[in-house]
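Subject: Structure for you to look at

Hello,

Here is the structure I said I would pass on.

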Amino acid sequence: MPNLDGLRARRARRGADGTDAQAADATLESEFSGLDALDRPVAAHPTTIGRVWRSLWPKLAAIAIAILAWQVIVWSGWKPEYALPGPGPVFGTLIREVSEEGLQQAILITLRRGLVGFLLACVIGVLLALAVVRFKTLRTAIGSLISGIQTMPSIAWFPLAILLFQLTEQAILFVVILGAAPSIANGLISGVDHIPRVLLRAATVMGARGTDYYRHVLLPAALPSFVAGLKQGWAFAWRSLMAGELLVIIAGQSSIGQRLIFSRDTSDAQGLLVMMIVILVIGIVIDAAFFGTIDRSVRRRWGLVEESA
């Protein structure tokens, strides 16, 4: 790196020998302003702990505010405590029940159902979207039907599901798939629709054909919208699953929904609120840990976030 003080001194002497020393000084500062910027301290990248805390503290603050509001409502006497218990008794019951095998088994059964239903919905949604994108006639025929199915409440499918599969796990999976697959398909279709046509033509000219075209061109280009569709699909799948477990009680298979309906039938307000908190926490953890990670990775790859974010 050049000696800036020496360069300034030599340039100042040359400017003083001329007729306009002030103009020489102005030129000097203009030329070396970029080099001066190199001497400025570079802001240190935040540590891993700092990044975690930066993303965690707003969530903790929101939770604290929600718990405080809950406690204030209990203190107001709006409902008796046997109908609306405070955060203290509810979280005490939650800590006690989380360590019990019964609740752990119920969570595992519910998660297994959700995962199986969501994976099947992904396969069906992706195949349906690729078929609609590939064949214009098929898109004209069922494009609006996919959106129509997506808008239907999941609860409306259960009479048909029970009629077809009776009170079995297949009835729950049927509704979960119908709730998630249209969102996944629409996410991929939307992503493909927003790919510049010139890029697709360039890929074709460069020799992309068959499965390589879908694997290396179409799907990567549509990835941001596809990830958004997956995230929305999981939200629909989770809601459909909870509705299904409230309506379809399977003997010998304790689940979150089954425990929720049991708490309602026995007027166990603490147990009911515990199950609601478990449902909320599972949804938040899956969204943040899985879909949030994928979303940040995709945005970072597309240059939409800083590396340190």
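A helix here is a DSSP run of H or I with at least four residues, and helices are numbered from the N terminus. By that rule Pro182 is found in helix 8. Please keep in mind that this is a predicted model, and that every value in this email was computed from it.

The whole chain

The protein chain has 13 helices and zero strands. Written out in order along the sequence, the pattern is α-α-α-α-α-α-α-α-α-α-α-α-α. Of the 309 residues in the protein chain, 33% are buried. The accessible surface of the chain is about 19000 Å², and carbon and sulfur atoms account for 66% of that surface. Among contacts with a separation of 6 or more, 70% are between residues 24 or more positions apart.

The core

Which residues touch the most other members of the largest nonpolar core? They are Phe118, Ile184 and Leu188, in a core of 58 residues. Helix 8 gives the most to this core, with twelve residues. As background, nonpolar side chains tend to be buried together in soluble globular proteins.

Apart from neighbours within four places in sequence, Phe118 is in contact with Val176, Ile184, Leu230, Gly233, Trp234, Ala237 and Phe291.

Is Pro182 buried or exposed? Pro182 has a relative accessibility of 7%, so it counts as buried, the cut-off being under 20%. Outside the four places on either side in sequence, Pro182 is in contact with Ile146, Ile149, Gln150 and Ile177. Pro182 and Ile146 are 36 residues apart along the chain, and their C-alpha atoms are separated by 5.6 Å.

The pockets

Empty space left between atoms shows up when a probe the size of a water molecule is rolled over them. The largest pocket has a volume of about 990 Å³. Its lining holds 27 residues, and those nearest the centre are Lys59, Ile63, Leu280, Val281 and Ile284. Helix 3 (48-75) and helix 13 (269-301) each supply at least two residues of this lining. Helix 3 gives the most, with twelve residues. By class, the lining of the largest pocket has 19 nonpolar, two polar and six charged residues.

The second largest pocket contains about 360 Å³ of space. It is lined by 17 residues, of which Val133, Arg134, Arg197, Leu200 and Tyr213 are the closest to its centre. Several helices each supply at least two residues of this lining: helix 5 (101-134), helix 6 (136-151), helix 8 (169-193), helix 9 (197-205) and helix 10 (210-221). Which helix gives the most to the lining of the second largest pocket? Helix 10 does, with four residues. The lining of the second largest pocket divides into nine nonpolar, two polar and six charged residues.

Gln166 is not a glycine, yet it has a positive phi of about 60°. Gln166 is found in the loop between helix 7 (158-165) and helix 8. Its relative accessible area is 49%, so Gln166 is partly exposed.

Ser267 also has a positive phi, about 55°, and is not a glycine. Ser267 sits in the loop between helix 12 (256-265) and helix 13. Is Ser267 buried or exposed? Ser267 counts as exposed because its relative accessibility is 63%, and the cut-off for exposed is over 50%.

Ser263 is found in helix 12. Ser263 counts as buried, at 7% relative accessibility. Not counting residues up to four places away in sequence, Ser263 touches Asp268, Gly271 and Leu272.

Then move to Pro182 in helix 8, and finish with the largest pocket, where Lys59 and Ile63 are among the residues nearest the centre.

Regards

Methods
Residues are numbered from 1 along each chain as its sequence is written. This is a predicted model: local features need pLDDT of at least 70, side-chain atom pairs count only at pLDDT 80 or more; totals for chains, interfaces and linings use all residues. Side-chain values use heavy atoms; hydrogens and water are left out. Buried means under 20% relative accessible area, exposed over 50%, partly exposed in between (1.4 Å probe, protein chains only). Contact means heavy atoms within 4.5 Å. Accessible areas come from the Shrake-Rupley method with a 1.4 Å probe; for residues, only the protein chains shown count as cover. On a 1 Å grid over the protein atoms alone, a cavity is a set of points where a 1.4 Å probe fits but cannot get out, and a pocket is an open set with protein on both sides within 12 Å along at least five of seven lines; lining residues have an atom within 4 Å of a point. Grid points are joined across faces, edges and corners, and a volume is the space filled by probe spheres set on the points. Ala, Val, Leu, Ile, Met, Phe, Trp, Tyr, Cys and Pro count as nonpolar, Asp, Glu, Lys and Arg as charged, and the others, Gly among them, as polar. A nonpolar core is a set of buried Ala, Val, Leu, Ile, Met, Phe, Trp, Tyr and Cys residues joined through side-chain atoms within 4.5 Å.
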